[in-house]
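Please consider the following points alongside the sequence and the coordinates.

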Amino acid sequence: MSSTAIFDKLSKILIPIAGKLNNNRYLKVLRDAFMLAFPLTIFGSIMVVLTNLPFLENLLSEGSLDTFRTALGVAPQTTMNIISLFIVFGIGYYLSKSYEVEGVFGGVVALVSFLILTPFVFQPEGREAVQNVIPIDRLGAKGMFLGMIVGFLAAEIYRFFVQKGITIKMPAGVPPAVSRSFSALIPAMITLSVFLVINIIVTQVLKTNMHDVIYHLVQTPLVGLGSGIIPTLIAIFFVQLLWFFGLHGQIIINSVMDPIWNTLSVENLNTYTATGEVPHIISKQFIEIYTVGMGGSGMTLAVVVAMLLFMKSKQLKQVGRLGIGPGIFNVNEPIIFGLPVVMNPLIIVPWILAPMAVTLVTYFAMTSGLVPPPTGVNVPWTVPIFINGMMATNSLAGGLLQLVNFAIVFLFWFPFLKFIDRMNLQKEQENGSSK
């Protein structure tokens, strides 16, 4: 069977699946909800970076350093440490809007539904329980999966009753804000009552809470699976394969994996700020900084440099010139569509294998202790290579590892680029001689 026939068969299988995932209502809502929280977590992350700069101990006295960290410490506490609140609201808001229902009320109802299931009690180990407080971990990584489940269920219940017309309709002269509030009243009361009944059953009959139930039954197994290197390699393989067929691999695969990777990131950050240790190697930052953060999908900054410095054909030189500026800031559409990557059998081997090889090298460098894993700090995806590696790991070693990975990608791609370069040169010479 020819390579063209293989690609045709693969495309017939993958493109419909990828299209359904990309257009799935719930995955799109989940992606939008995480993007709603993105600017807030970036702010919190910057403050974490500032309070953990490695040279602060030499510049400030112990008392001044404690004061500095206390002053800025409120930023991550009010952003990243309560990220589940933003995610729940975002899910309720965007899912309601997708049904053309008032989004703000859908978001608020989802948020309150989540809080109804949240225990307002803190139980310190070996001490008496403190009532009427919410442990912050319930609003962060530990409550992430319950928040997502509640967000979707609450918004679905709410919009169902709104769309069925089970609302209070006010006269035409009533101000719109008042009318919308009354319209939301009955659907909101029904939705919140459902979750109140669930909470009564779980707390009074089962003598536990929904946070612990979901955490032990759903979140812990999924996070344990997603933190492994094999599932991560599989995810990266499909990201690259989907891009090869012209589909946005990050959006499609990350929609499925982001809840797991983001949960791992929040757990990393919480542990790092408390103890200085990082419990998980695989996380959202591991994926972003050591794959996308090296020139975009496929880590093509090394490809751009190879084309500029070592290729001779006009086509590759021109693509390299077009790609170098955006590539520094991790935008690589000029390479994907200019080389091209899409449906180009000549580069499918390095396109798929180089990111997987780099992921393995990165993973083992971190498991061996040579390089610290990402701390959970959110680094904007446009920050250039080396700088983003240092910011993500709070270590020079994080940036140096990216340079090693850059060289690995370069070596994978070089022979394939040389082959394409010779083909292009031959065509250019033939076209020149025929004129």
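1. The model is predicted. Within it, K207 has a relative accessible area of 64% and is therefore classed as exposed, the cut-off being over 50%. K207 is located in the loop that joins helix 8 to helix 9 (210–226). Although K207 is not a glycine, its phi is positive, at about 60°.

2. A positive phi also occurs at M299, with a value of about 55°, and this residue is likewise not a glycine. The position is in the loop between helix 12 (284–290) and helix 13 (301–310). Is M299 buried or exposed? Its relative accessibility is 1%, so M299 counts as buried, for which the cut-off is under 20%.

3. Attention is also drawn to the peptide bond from L339 to P340, which is cis, with omega near -10°. P340 belongs to the loop between helix 15 (333–338) and helix 16 (348–367).

4. Which residues make the nonpolar surface patch of about 330 Å²? The contributors are V178, F182, L185 and M189. Of these, M189 lies in helix 8, which spans residues 176–205. M189 counts as exposed because its relative accessibility is 52%, and the cut-off is over 50%.

Notes. Residues are numbered from 1 along each chain as its sequence is written. This is a predicted model: local features need pLDDT of at least 70, side-chain atom pairs count only at pLDDT 80 or more; totals for chains, interfaces and linings use all residues. Side-chain values use heavy atoms; hydrogens and water are left out. Patches are made of residues with over 30% relative accessible area and no salt bridge: like charges are joined within 9 Å, nonpolar side chains (Val, Leu, Ile, Met, Phe, Trp, Tyr) within 5 Å. Accessible areas come from the Shrake-Rupley method with a 1.4 Å probe; for residues, only the protein chains shown count as cover. A salt bridge is a side-chain nitrogen of Lys or Arg within 4 Å of a carboxyl oxygen of Asp or Glu. Helices (H or I, at least four residues) and strands (E, at least two) are DSSP runs, numbered from the N terminus. Buried means under 20% relative accessible area, exposed over 50%, partly exposed in between (1.4 Å probe, protein chains only).
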